[in-house]
Amino acid sequence: MDVDKKDSIASDSSDQVVNPWEVSAKDGGKIDYDKLIDQFGCQRLDASLIDRVQRLTSRQPHVFLRRGVFFAHRDFNEVLDAYERGDKFYLYTGRGPSSEALHLGHLIPFMFTKYLQEAFKVPLVIQLTDDEKCMWKNLSVEESQRLARENAKDIIACGFDVTKTFIFSDFDYVGGAFYKNMVKVAKCVTLNKAMGIFGFSGEDHIGKLSFPPVQACLSVPAVPSFPSSFPHLFPGKDKLRCLIPCAIDQDPYFRMTRDVAPRLGYSKPALIESSFFPALQAKNGKMSASDPNSAIYVTDTAKEIKNKINRYAFSGGQDSIEKHREIGANLEVDIPVKYLSFFLDDDTELEHIKKEYGEGRMLTGEVKKRLTEVLTEMVERHRMARAAVTDEMVDAFMAVRPLPSMFE
Amino acid sequence: VCNYRIIFWIFQELQIDYSKYEHPPVLTVEEQAKYVSSSEGALSKNLFLKDKKNRYYIVSAMTDTKVDMKVLSQRLGLGKGGIRMAPEEALSELLQVSLGCVTPFAVVNESARDVSLLLDQKFKNQTRCIFHPLSNDVSVSLNTLGLDKFLQSIGRDSVYIDLEVNANPVVGKDQPPDLAVYVPSNSVVVPELPTKTASIQTASKNVSAEKTKPVASAKPSKLAGNGKSAVEDSALLVFKNPEKFVEEILDKTTALLLSEGKGENVEALAETFRKRLTSEFTHLAVMYKNTAYSQGFYAGTQSQPKRP
């Protein structure tokens with residue numbers, strides 16, 4: 001039984017701020033993840049848990065687990081207990097399609113979810129919250145639906161198995177059993193509680209909160225965690241557990257869901273949470289779609305990737321070669337090494353680079369070159385796969401259809 | 001863009017001995033031969049090639065040298081059909097030249113930085129050789145020493161190879177691909193011209209992405225259905241066509257074998273294969289499966305119900 005130490009997040013300006021709308025570190029420094037775990041009341045994903053995953057799945061744990069990118073969880077242990085007993089689970093993740101271009105930070109949860117799907121052989125529902133973006137970002141309904149489909153293509157290109165994956169957009173799917181659950185959840189969530197969890201104060205967001213569908217919208221992320229929302233997928237399986245990979249700033253949404261679930265007779269969804277993918281220039285807390293030079297996009301050419309890394313990636317190397325060879329690089333702040341720890345699969349090579357660079361024998365240029373190679377290969381592979389995603393394929397993924405082989 | 005006059009400026013700065021010939025624009029060696037007689041030097045044929053991983057090559061050879069693409073591809077370690085003529089967009093994008101104008105001098109451009117330049121060994125025996133200096137209405141003759149000096153000044157090695165080597169088998173256990181070292185380490189993606197502007201708009205105008213009208217916002221989706229680009233064409237086929245799929249798998253496997261297989265014991269090699277190829281092949285297979293399923297799904301939506 002987890003204890004939510006705090007329902008609200010202190011929006012103290014000298015403290016770090018982490019909520020679904022804002023992420024910033026204390027005094028412009030690094031995000032303190034230990035403090036965050038403490039503050040939110042979730043748990044560390046430690047080595048024993050990772051070993052357990054390896055034993056259960058008979059394969060090497062994903063690079064994001066090995067490197068601590070996915071570092072926190074709620075109830076992941078219980079999900080694994082049930083899995084060992086033969087009680088499966090399903091995965092749920094989502095995207096708010098607010099911009100057409102996806103950057104690497106966006107891909108991370110999807111890359112990890114794909115691994116989970118393959119390793120545990122479980123089904124996945126992916127939610128595209130086009131309605132939420134339509135409202136909050138003032139897009140037209142048609143535009144947000146179009147963006148949702150475009151984003152779906154990039155998501156599919158990550159390699160999800162169509163026989164085990166259901167992608168849906170709110171505008172298309174909300175209704176029926178899904179809507180019933182939405183109303184059930186909305187009835188459980190008082191305005192005050194919502195404000196408390198999200199850190200709203202009385203005056204500033206009252207306009208948004210008083211708009212009736214918004215309250216229902218707040219419940220939207222919760223509803224896909226309940227299997228009864230998908231009668232075509234999980235008929236009669238009301239107790240099926242749900243595991244949600246997400247970035248840690250989404251924790252408040254799901255805290256509310258976990259609070260509500262038992263009251264509706266559903267299992268609490270489990271969470272597996274990631275840290276933020278840092279911006280190239282490292283200044284901001286995380287990569288942001290509103291600053292194109294803070295991110296590498298899946299549409300970037302090899303040349304653009306090379307330029308961005310060379311020009312904007314914040315380097316922990318020293319100012320002069322002599323000084324660098326003497327002291328070595330500051331690995332704590334160096335962005336290229338951080339990025340490599342996300343995307344370079346070979347543990348041995350990464351260790352070698354960290355050692356050589358940290359002790360001054362390897363120069364920033366070499367590290368950046370390796371990073372450029374790794375990212376270019378990744379982006380190219382994604383582009384190839386993306387090119388193969390047709391509108392028919394999107395239709396297939398989004399069709400409301402049973403998935404008979406979802407646990408195979 | 002490098003104006004061809006720069007080439008002559010460099011010649012003068014480096015005191016390279018050359019002769020210049022001006023003539024109407026020519027697109028082929030035959031046409032060029034009409035205006036520049038063989039007494040001036042040996043004419044060259046110049047090929048601009050690309051491989052499946054978007055790496056580009058200029059092969060410059062004597063007109064009577066036989067350039068066997070299959071053999072060249074194998075010697076580069078790319079398998080038998082790994083290399084083909086580069087599309088026109090790449091000519092202008094990377095070499096900044098028009099049709100009929102491929103030339104070793106094109107590597108003076110920054111955009112050609114990752115293009116590998118391979119020169120025919122037989123040039124060395126000639127008093128002079130003839131190339132276009134980035135424009136097809138001018139020809140220039142110079143000897144290989146001059147060419148080497150030019151290349152050296154822009155930081156390039158002169159790579160001369162015997163293009164007519166044709167061992168049997170070309171590449172095998174005792175004969176690794178001898179030209180593999182000249183494969184560029186960087187690939188370059190050359191998008192087709194119409195969509196290129198569009199994708200730049202998307203990436204760089206993210207701040208106002210929401211305010212952009214649907215018309216102006218890019219169409220990466222076009223790439224999926226658009227048959228123009230060679231990259232996207234082959235991507236689609238690999239996932240639809242069993243033979244192409246198998247070819248892709250074998251290409252990648254043999255490439256890895258050729259690059260890692262020297263002196264490794266077989267068990268270690270097998271481990272390397274598993275480690276390096278599993279994730280990539282799984283990804284390919286999933287996309288193949290998804291494509292088949294989608295085609296079936298679509299067929300299902302179109303099928304007529306059985307007559308009662």
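Colleague: Which exposed residues sit on the face of helix 9 of chain A turned away from its buried side?
Modeller: This is a predicted model. In it, that face of helix 9 of chain A carries Gly176(A), Lys180(A) and Lys187(A).

Colleague: And which residues of helix 9 of chain A are buried?
Modeller: Phe178(A), Asn181(A), Met182(A), Val185(A) and Cys188(A). Seen down the axis of helix 9 of chain A, they fall within an arc of 125°, so they line one face of the helix. In general, residues three or four places apart in an α-helix point the same way, because there are 3.6 residues a turn.

Colleague: What is the span of helix 9 of chain A, first C-alpha to last?
Modeller: Helix 9 of chain A covers residues 176-188 and reaches 19 Å, close to the expected 18 Å.

Colleague: Switching to strands. Is strand 4 of chain A buried or exposed?
Modeller: Buried: 5 of the 5 residues in strand 4 (residues 70-74) of chain A are, so the strand is largely enclosed by the rest of the structure.

Colleague: Which strands does strand 4 of chain A pair with?
Modeller: Strand 3 (residues 43-44) of chain A joins strand 4 of chain A through 2 bridges, antiparallel. Strand 9 (residues 270-274) of chain A is also antiparallel to strand 4 of chain A, with 4 bridges. Ala72(A) is the bridge partner of Arg44(A) and is also bridged to Glu273(A).

Colleague: Cysteines next. How many disulfides over all chains?
Modeller: The count is 0.

Terms used
Residues numbered from 1 in each chain as written. Chains lettered and ligands numbered in written order. Predicted model: local features only at pLDDT ≥ 70, side-chain atom pairs only at ≥ 80, totals over all residues. Heavy atoms only, no water. Disulfide = S-S within 2.5 Å. Buried < 20%, exposed > 50% of the residue type's maximum accessible area, 1.4 Å probe, protein only. Pairing = 2+ DSSP bridges. Expected span 1.5 Å × (residues − 1). Arc of directions from axis to C-beta.
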